[in-house]
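Please look over the sequence and the structure before reading on.

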Amino acid sequence: MTSSQIQIPAEVKTDPAALMASLQLMPSPVPNPEIQYTKIFINNEWQDSVSGKVFPVYNPATGEQICEVQEAEKADVDKAVQAARLAFSFGSVWRRMDASERGRLLSKLADLVERDSVYLATIESLDSGKPFLPTLFVDLQGTIKTLRYFAGYADKVHGTSIPMDGEYLTFTRHEPIGVCGQIIPWNFPLMMTAWKLGPALACGNTVVLKPAEQTPLTGLYMGALIKEAGFPPGVINILPGFGPTAGAAIASHMGIDKVAFTGSTEVGKLIQEAAGKSNLKRVTLELGGKNPNIIFADADLDLAVEQAHQGVFFNAGQCCTAGSRIFVEEPIYDEFVRRSVERAKRRILGSPFDPTTEQGPQISQEQQNRVLEFIQSGISEGAKLECGGKALGLKGFFIEPTVFSNVRDDMRIAKEEIFGPVQQIMKFKTIEEVIERANNTDYGLVAAVFTNDINKAMTISTAMQAGTVWINCFNALSTQCPFGGYKMSGNGRELGESGLKEYSEVKTITMKMIAKNS
């Protein structure tokens, strides 16, 4: 689940014969994939929206419409919640099911995703513009591993006995919360679906899930696999729709006990407000980031340049973990900028289905315009545009890999999350200075440090106000490791054992005893 697993070596890229030989060994996307599922999935059935509305889904690499999808609104959310509550009711098949059987169903779902991984990667690339090979080797593998990880945990979620004072027997139970609303982002649609479904189902909850309106196709296909795997009706319900309608209905619904959201901090605030104003439902938020990447003069410069490049430009910069604030120690600053510009200029943009493509389009015209406006603000505020900065003259929503140097901390491009292929490189002199500057942000999702000095590495990693800190690597994410943010980067954690805690309630049970023995 890292951004560097699928890189074709530079010597292969420059040797045509070696390149062709390596590409022939790579899996190929499904040609002209049929879009099979475009309806709402409730109670293991495909349904039209109550309103009869549909909305178009576009290919961001061409701007062309792929299909139309049924548009869920509040009435559809009400139906889905009713189905999920029935599936969660006492005595239901799901509530009486052995925990090990829940794990078997999750494992079966992982097997089905693996079986259909090439098709899923194809429609994910078609729908989101993500290059096919990274989607197959990063997103799909991450999805499968996450489902299998939490499948293994299903019968290992348990409480403890407590030696309470007095003549009592006391123990705890970890019980499912209930109906969980889950709102999925457009940048990693399938993988974020697994991040949320896995722990929720392992703990025995039921789910009402809304994929992003920009990228609903793989989420809907998951509905078919969920039914094929054998999950009982109502356990998982999938509703494509828009945030202000379907998303808002989930966040404020009195029949939903917990909501999990990945997306912008702005929308996260609205969800937390809606949860508080309704039934004070539990909330997990994985939000934005403006993440520092600190490069010391003693670092392996080749490694630091490449990892910083991937840390910003992976997925066209559309990552909450993007290391967009790069702080470089003064003695190597000019050389780091020079090498970073050279690397950015070599980055290959193009069709998501061209195996040599490193970067696809932005998700939409709106997002492309937003990124270009940020670039213009950087120029206007005095940063030096080293390369890029323009939309490409292709169909679709492409932006050139862009590098800025001489960036000040008070510039918009240094403070706000851009969510695009824009690298900001800043200079620092002392470790005390860079710690203060790196933490001077509203966000706290991830950070990184590159150095060969273990004291510097540990000083930085313990000082950073961030949920994850990488040392001499970037985007090294794994299913086993908790992920989440400090400050305005969110609440709670996903993945790892910590992710399970977000989907269970701890109940203390105490019984009076006639006599107690240790």
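Which strands does helix α13 lie across? Helix α13 (residues 333–346) lies across β12, β13 (325–329), β14, β15 (402–405) and β16 (422–428). The model is predicted, so local features need pLDDT of at least 70 and side-chain atom pairs count only at pLDDT 80 or more, while totals for chains, interfaces and linings use all residues. Residues are numbered from 1 along each chain as its sequence is written, and side-chain values use heavy atoms, with hydrogens and water left out.

**Sheet**

- An open sheet of 7 strands has the order β14-β15-β16-β13-β12-β18-β19, with mixed pairing. Two strands pair if DSSP finds at least two bridges between them; strands (E, at least two residues) and helices (H or I, at least four) are DSSP runs numbered from the N terminus.
- At the edges are β14 (384–387) and β19 (468–471), each of which pairs on one side only.
- From one strand to the next, the twist averages 20 degrees.
- Strands β12 (residues 292–295) and β18 (residues 446–450) run parallel and are joined by 3 bridges. Ile295 stands opposite Phe450 in β18.

**Helices across the sheet**

- Helix α13 runs at about 170 degrees to β16. Axes are lines fitted to C-alpha atoms, for helices over the stretch in contact (heavy atoms within 4.5 Å), and angles run from 0 to 180 degrees between N-to-C directions.
- Helix α17 (residues 454–463) lies across β12, β18 and β19, and runs at about 165 degrees to β19.

**Salt bridges**

- There are 33 salt bridges, counted where a side-chain nitrogen of Lys or Arg is within 4 Å of a carboxyl oxygen of Asp or Glu.
- Arg339 and Asp302 form a salt bridge with an N to O distance of 2.5 Å. This pair links distant parts of the chain, with Arg339 in helix α13 and Asp302 in helix α12 (residues 301–313), 37 residues apart.
- Arg339 counts as partly exposed because its relative accessibility is 25%, and Asp302 counts as exposed because its value is 54%. The classes are buried (under 20% relative accessible area), exposed (over 50%) and partly exposed (in between), with a 1.4 Å probe and protein chains only.
- A network of salt bridges links Asp302, Glu335, Arg338, Arg339 and Glu342.
- Lys130 and Asp139 form a salt bridge, with their closest N and O atoms 3.0 Å apart. Both Lys130 and Asp139 are buried.
- In the salt bridge between Glu386 and Lys384, the closest N and O atoms are 3.8 Å apart. Glu386 is partly exposed at 23% relative accessible area, and Lys384 is partly exposed at 46% relative accessibility.
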